[in-house]
Amino acid sequence: MRILVTGGAGFIGGHLAESFLDDGHDVTVLDNFEPFYAEGIKRHTLDAHREVADEGDSEYRFVEGDVRDPETVREVVDDADVVVHQAAQAGVRESVKNPRKVTDINVSGTVNLLEASKEADVKRVILASSSSVYGKPRSLPYEEDHPTEPVSPYGVTKLTQEHMARVYTELHDLPTVCLRYFTVYGPRMRPNMAISNFVSRCLNGEPPVIYGDGQQTRDFTYVDDVVDANRTLLESGAADGDVVNVGSSDNISIQELAETVRDQLAPELEIVYESAREADAEHTHASVEKAGELIGYEPSRTIAEGVGEFIEWYQANREWYEPLVQVS
Ligand code: NAD
């Protein structure tokens with residue numbers, strides 16, 4: 001299969017491309033190195049792709065380009081069997097600062113991709129959505145039919161993307177599926193997320209900083225589980241035109257998370273509290289029942305196990321990763 005991974009130099013797209021190459025698929029990565037965080041992390045990801053491609057006999061192509069440019073998108077979609085769309089301006093706070101840009105990338109970029117996929121008769125488009133589409137929780141864990149009332153421009157763009165995908169399925173018979181990821185973490189994760197931040201600070205003898213009272217809860221998802229959900233959907237016709245949660249279903253408060261990391265790395269440090277940041281969700285918690293029924297999805301780790309693994313990875317890769325985390 002030839003798979004196009006947009007945003008494939010990024011955190012999640014990078015793991016997806018690596019795993020598809022490992023499975024023997026031909027992979028094209030499209031990414032514009034959006035300067036949201038250190039480019040060096042993305043360069044490491046592309047090196048990892050080349051290594052895997054060199055070990056097997058998969059074809060690998062990297063195209064530096066922008067999903068906002070319809071010509072570039074048409075060119076890379078043209079020979080793809082499946083499109084896995086991860087390119088986006090992620091980050092709730094960035095979307096509050098810069099809503100026009102986020103809308104351009106996340107909505108117009110997605111329309112370019114769907115349009116090109118329709119023209120090229122792509123077999124399936126798998127899109128990265130987000131728990132941010134839910135907004136204020138009426139009941140937890142979130143099931144997919146929970147009301148969607150996003151509380152940030154980012155959440156609105158992801159919800160718009162979902163509707164656009166569904167409409168392409170209904171109007172043009174283009175098979176699409178949107179996966180609602182719940183805070184994803186793991187090797188090469190984006191800087192400025194709670195887990196990498198706590199680990200980096202504790203290893204450097206600085207106290208972990210919590211924004212708010214720490215009672216916010218999150219459903220942290222290990223990146224391997226996100227990869228598994230996408231891999232299953234490459235070959236399956238399940239969930240066409242639909243949305244599916246991908247989470248760990250094991251949520252934890254930010255306070256507990258900070259304590260877990262601190263107790264493991266620097267028990268002497270006192271946690272510091274600063275004022276809460278706008279547009280952050282209070283609580284997220286995924287029901288993964290639908291994912292289990294449709295694609296046999298099952299989270300592989302508890303959050304405590306996954307955080308332990310991430311800390312091990314961070315320590316083994318500290319030399320190159322930490323300076324890049326700190327400049328981001
Ligand atoms: P990331 O920022 O690491 O990856 C996104 C990649 O897209 C980056 O490499 C970036 O350079 C690229 N990109 C951005 N704008 C582009 C453009 N205009 N043209 C081409 N490439 C562009 O983020 P991530 O954490 O890997 O997120 C991947 C996807 O998953 C995104 O769609 C994000 O919204 C979604 N998501 C992520 C999380 C999470 O916790 N990481 C949670 C929910 C949803």
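Figure 1. Strand E5 (124-130) gives the most to the shell around the ligand, with three residues. This is a predicted model, in which local features need pLDDT of at least 70 and side-chain atom pairs count only at pLDDT 80 or more, while totals for chains, interfaces and linings use all residues. Residues are numbered from 1 along each chain as its sequence is written, and side-chain values use heavy atoms, with hydrogens and water left out. Helices (H or I, at least four residues) and strands (E, at least two) are DSSP runs, numbered from the N terminus. Of the 29 residues around the ligand, Ile-12, Asp-31, Tyr-37, Tyr-154 and Val-184 come nearest; a residue counts as near if one of its heavy atoms lies within 4 Å. By class, the shell holds 14 nonpolar, eight polar and seven charged residues. In this scheme Ala, Val, Leu, Ile, Met, Phe, Trp, Tyr, Cys and Pro are nonpolar, Asp, Glu, Lys and Arg are charged, and the others, Gly among them, are polar.

Figure 2. A polar side-chain atom of Asn-32 lies 3.3 Å from a nitrogen atom of the ligand. Taken alone, the ligand exposes 810 Å², of which the protein buries 97%. Accessible areas come from the Shrake-Rupley method with a 1.4 Å probe, and for residues only the protein chains shown count as cover.

**Figure 3. Asn-230 in helix H8 (residues 223-235)**. Asn-230 counts as buried because its relative accessibility is 0%; buried means under 20% relative accessible area, exposed over 50%, and partly exposed in between (1.4 Å probe, protein chains only). Leaving aside its neighbours within four places in sequence, Asn-230 is in contact with Leu-16, Phe-20, Val-84, Gln-86, Ile-126, Leu-179 and Tyr-181, where contact means heavy atoms within 4.5 Å.

**Figure 4. Buried residues of helix H12 (residues 318-327)**. Tyr-321, Glu-322, Leu-324 and Val-325 are buried in this helix. Their cover includes helix H2 (39-55), helix H7 (194-203) and helix H11 (303-316).

**Figure 5. The salt bridge between Glu-59 and Arg-2**. A salt bridge is a side-chain nitrogen of Lys or Arg within 4 Å of a carboxyl oxygen of Asp or Glu. The side chains of Glu-59 and Arg-2 meet at 2.6 Å, N to O. Glu-59 lies in the loop between H2 and strand E3 (60-64) and Arg-2 in strand E1 (residues 2-6), so the pair ties together parts that are 57 residues apart in sequence. Glu-59 is partly exposed, at 47%, whereas Arg-2 is buried, at 13% relative accessibility. Both residues belong to a network of salt bridges that also links Asp-26 and Asp-79.

Figure 6. Arg-74 pairs with Glu-119, the closest N and O atoms being 3.6 Å apart. Lys-118 forms a salt bridge with Glu-115, the closest N and O atoms being 3.0 Å apart.

Methods: A polar contact is a pair of N or O atoms within 3.5 Å; within protein, one must be able to donate a hydrogen and the other to accept it, and residues adjacent in sequence count only if both atoms are side-chain atoms.
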